[in-house]
Amino acid sequence: DPRGGPAKNALLRQVQILRQHLALTYQRYLDPHDKRTSRKFRLLLQGEQVEAWDPFVPEESHLVASDKVTVELDTKRVGTFTVRAYVLPRKEEFADRELAEIARIGNLYQGVYVYRENRLIYGPDWLGMFTKEPHSSLLRVEFSFDHSLDEAFHVDIKKSEIILNQDLYLWLDDFLKPARREADARYRQGQ
């Protein structure tokens, strides 16, 4: 019965999944306090405002590595990208339980979050560098760039994925080593 309880519950679950997706994908545009975007907008889903979800929980996490890298393109143009690695607290270390719930600590949300023009286009994922495992569950990495690096990162037509060349892959692997050690140590402190 499409009007029965199970069908309604299934639809509500799908709406919740969509709400979480929009809150993450457009987080920088939905957050009125985020200074990276000058344009802000409100997004309504079934008449309810979608609230931004920041996976890095900056008020609770530690920024353990940050770099702004300039890339010279074949066409003699220059582009830049930013990488920031955050280590989140263990659940019991958050200021309150509700904030720990909002942070969504776990394997599903660890990895690199790739932003193009301040919109999440890919992630969280380790971009083929590592596998998701519990000891890295506190590590989240922001990788941000603008359209000038689309060709360098092989951004697909849907603007939904990037491919790292070998040099960038090796650089990012080296960049993340200390952050991975820090996240692993913090995770193990509670055991």
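The side chains of Glu-142 and Arg-84 meet in a salt bridge, at 3.0 Å from N to O; the term stands for a side-chain nitrogen of Lys or Arg within 4 Å of a carboxyl oxygen of Asp or Glu. This pair links distant parts of the chain, with Glu-142 in strand S7 and Arg-84 in strand S4 (residues 78–87), 58 residues apart. What you are looking at is a predicted model, in which local features need pLDDT of at least 70, side-chain atom pairs count only at pLDDT 80 or more, and totals for chains, interfaces and linings use all residues. Residues are numbered from 1 along each chain as its sequence is written, and side-chain values use heavy atoms, with hydrogens and water left out.

**Salt bridges**

- Glu-142 is buried, with a relative accessible area of 1%, whereas Arg-84 is partly exposed at 25%. Here buried means under 20% relative accessible area, exposed means over 50%, and partly exposed lies in between (1.4 Å probe, protein chains only).
- Glu-142 and Arg-84 belong to a network of salt bridges that also links Arg-28, Asp-34 and Arg-36.
- Arg-36 is partly exposed, with a relative accessible area of 37%, while Asp-34 counts as buried at 8%.
- Another salt bridge joins the side chains of Asp-150 and Arg-116, at 2.8 Å from N to O. Asp-150 lies in the loop between S7 and H4 and Arg-116 in strand S5, so the pair ties together parts that are 34 residues apart in sequence.
- The structure holds 10 salt bridges.

**Ser-144 and its surroundings**

- Ser-144 sits in strand S7 and is buried, with a relative accessible area of 12%.
- A polar contact of 2.9 Å joins the side chains of Ser-144 and Glu-142. Such a contact is a pair of N or O atoms within 3.5 Å; within protein, one must be able to donate a hydrogen and the other to accept it, and residues adjacent in sequence count only if both atoms are side-chain atoms.
- Leaving aside neighbours within four places in sequence, Ser-144 is in contact (heavy atoms within 4.5 Å) with Arg-28, Phe-81, Thr-82 and Tyr-115.

**The nonpolar core**

- The largest nonpolar core has 51 residues, and those with the most contacts inside it are Phe-81, Phe-143, Phe-145, Phe-153 and Ile-162. A nonpolar core is a set of buried Ala, Val, Leu, Ile, Met, Phe, Trp, Tyr and Cys residues joined through side-chain atoms within 4.5 Å.
- H1, strand S3 (62–72), S4, H3, S5, S6, S7 and H4 each supply at least two residues of this core. Its largest share, 6 residues, comes from H4.
- Beyond its neighbours within four places in sequence, Phe-81 has contacts that include Val-69, Val-71, Leu-149, Leu-168 and Trp-171.

- At 1.5 Å a residue, the 21 residues of helix H1 (residues 5–25) should span 30 Å, and its end C-alpha atoms are 30 Å apart, which agrees. The expected span is 1.5 Å times one less than the number of residues.
- The buried residues of H1 are Val-15, Arg-19, Leu-22, Ala-23, Leu-24 and Thr-25. They pack against helix H2 (27–30) and strands S1 (44–45), S2 (48–49), S5 (111–116) and S6 (119–125).
- Arg-181 is found in helix H4 (residues 166–189) and is exposed, with a relative accessible area of 55%.
- Arg-181 and Arg-39 are 142 residues apart in sequence and 37 Å apart in space, C-alpha to C-alpha.

**Overall picture and confidence**

- The protein has 4 helices and 7 strands. Helices (H or I, at least four residues) and strands (E, at least two) are DSSP runs, numbered from the N terminus.
- Along the sequence the pattern is α-α-β-β-β-β-α-β-β-β-α.
- Of the 191 residues of the protein, 42% count as buried.
- The mean pLDDT is 91, and 99% of the residues reach 70 or more; pLDDT is the predictor's confidence in each residue, from 0 to 100.
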